[in-house]
Amino acid sequence: MNSDELPIAAIATAVGPAALAVIRVSGSGCVRLLSSRFSRPDALRSAAGHTLHHGAVHDGENRVVDEVLVAVYRAPASYTGEESAEVFCHGSPAGVRRVFGALLSAGFAAAAPGEFTRRAFINGKLDLTRAEAVNEIVSAQTTDAHALAMDRLSGSVERAIEEIRAQLVGIMAQIAIQLDYPEEETGPVDADRMGLKEAGERCRSIASTCERGRLYQHGARVAIAGRTNAGKSSLFNRLLRQDRSIVSETHGTTRDYVEALIDVCGVPVRLFDTAGLRESSEAIEQEGMRRSSTVVASADLVLYVVDAYEGPTREDAERLEQIPRHTPTLRVLNKVDLGGDPSRHRSAASELSAIPVSALTGAGIDHLNDAILSTLLDEKAGSGGGPTPATVIIDSERQRDLLLRAADAADRAVESLSASLPADVVAVDLQEALEAVGEITGEISSAEILDEMFRGFCVGK
Ligand SMILES: Nc1nc2c(ncn2[C@@H]2O[C@H](COP(=O)(O)OP(=O)(O)OP(=O)(O)O)[C@@H](O)[C@H]2O)c(=O)[nH]1
Ligand SMILES: [Mg+2]
């Protein structure tokens, strides 16, 4: 038996108190093996694909472990393409582990991370871009990230890559004619006319969407900073929509930084409330400010809060100077509800290029959310446009690197053509572009490539 077909088992759901949990098994003979721990073995062994069977899992010594439902799948009509089954048991962590233990004692091997999807790929059920999308769906933190990953699972990247590959194959055919028949007979080859430049641009254009895709998938770190009492914790609570950080009129309330995950227009943002900045000789407060500055230094974006009632001070200007230059900063003028002179607020806001808000009333918060999103997209994501705007957004650095390799090879082929180098020189670069594109979908793959790719998957997927 091929080692890829050996029966494997994995707990496919998160371990924690829950109504139900799913244990997945796959591989040649897995239903027979499972039946050795099932109360109605004959029913399982003779089961047709896509049928459900009620019964009990026992430990091999007639002790019932759990009451379960088993779904049976027959090859090739299953996720992996192999004979498979899913065991729906009760969700208590202890119970799930006992059922899983019973299966291991029957002879199942514990599956490696991503092993089910790896088998699905090997059996031609999905290409590598869809396999990666499976993992992206599992780890999506916002509805937008999930929708983008679903798009990739339905084959948007695979189709785009296939189009580029077909284009490169067509060009290769024209070059092959050049190799077979000398130039006098076929006339000179033109990179533009053949679409070679366009193929390279399409690769680069899709590659440039990776940062944007990763922003939605992996999110960003946003730190709130500013002088004491500016309203940082109030703003933190407002953005979080939860009374999480302590707010008080006492200066220096926040000592340790506080963090929480929020959804900013579809981007998962780890938001940090930090200790207010002021001159202090108190050791604990100094340590709080030191830790806060570390958080600010590692942030993708800083929201620097200024109290509108007091207006920006020289100290604010100095504090802003201390934020690392490469870190984008949005200035936020808080407490604009505090009466005062609205025109003064407006001039302070424009002097500071600040976004006026009130953490107390919620005024301006939608605008602030939009500004956070657009700054993160500008900083991290580029436009994703270019001469040939990409129709898909990728998340995988593996795909991006291969697309750039293909684009570089296509560029070299274009140069060789314009320098009228021999067709076999052009063919070498074209071949490299084709190989890189083939690796993206997995048409060309090796055990090392697959090991590297599936290492990041969770067990049970
Ligand atoms: N009117 C008004 N008061 C606000 C607003 N935001 C914060 N405050 C008040 O300002 C005071 C300080 O607010 P905090 O959120 O604790 O300020 P902070 O910047 O976290 O302060 P430290 O943790 O000490 O650095 C509190 O009394 C808040 O109720 C606002 O938008 N409008
Ligand atoms: Mg605070």
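How many bridges join strand E7 to E9, and do they run parallel or antiparallel? Five bridges join E7 (residues 220–226) to E9, and the two run parallel.

## Basis

This is a predicted model: local features need pLDDT of at least 70, side-chain atom pairs count only at pLDDT 80 or more, and totals for chains, interfaces and linings use all residues. Residues are numbered from 1 along each chain as its sequence is written, chains are lettered from A and ligands numbered from 1 in the order written, and side-chain values use heavy atoms, with hydrogens and water left out.

Helices (H or I, at least four residues) and strands (E, at least two) are DSSP runs, numbered from the N terminus. Strands pair if DSSP finds at least two bridges between them.

Six of the seven residues of E9 (residues 267–273) are buried, so the strand is largely enclosed by the rest of the structure. Buried means under 20% relative accessible area, exposed over 50%, partly exposed in between (1.4 Å probe, protein chains only).

Strand E8 (residues 258–264) runs antiparallel to E9, with seven bridges. There, isoleucine 262 faces valine 269. Two residues separate the strands in the E8–E9 hairpin, where cysteine 265 takes a positive phi near 50 degrees.

## Magnesium site

Ser233 (OG) and Thr254 (OG1) coordinate the magnesium ion (ligand 2) at 2.0 Å. Serine 233 lies in helix H12 (residues 232–240), and threonine 254 in the loop between H12 and E8, 21 residues apart. Donors are N, O and S atoms within 2.8 Å of the metal (3.2 Å for Na, K and Ca); water is not among the atoms, so sites may look incomplete.

Serine 233 is buried at 9% relative accessibility. Threonine 254 is buried at 11%.
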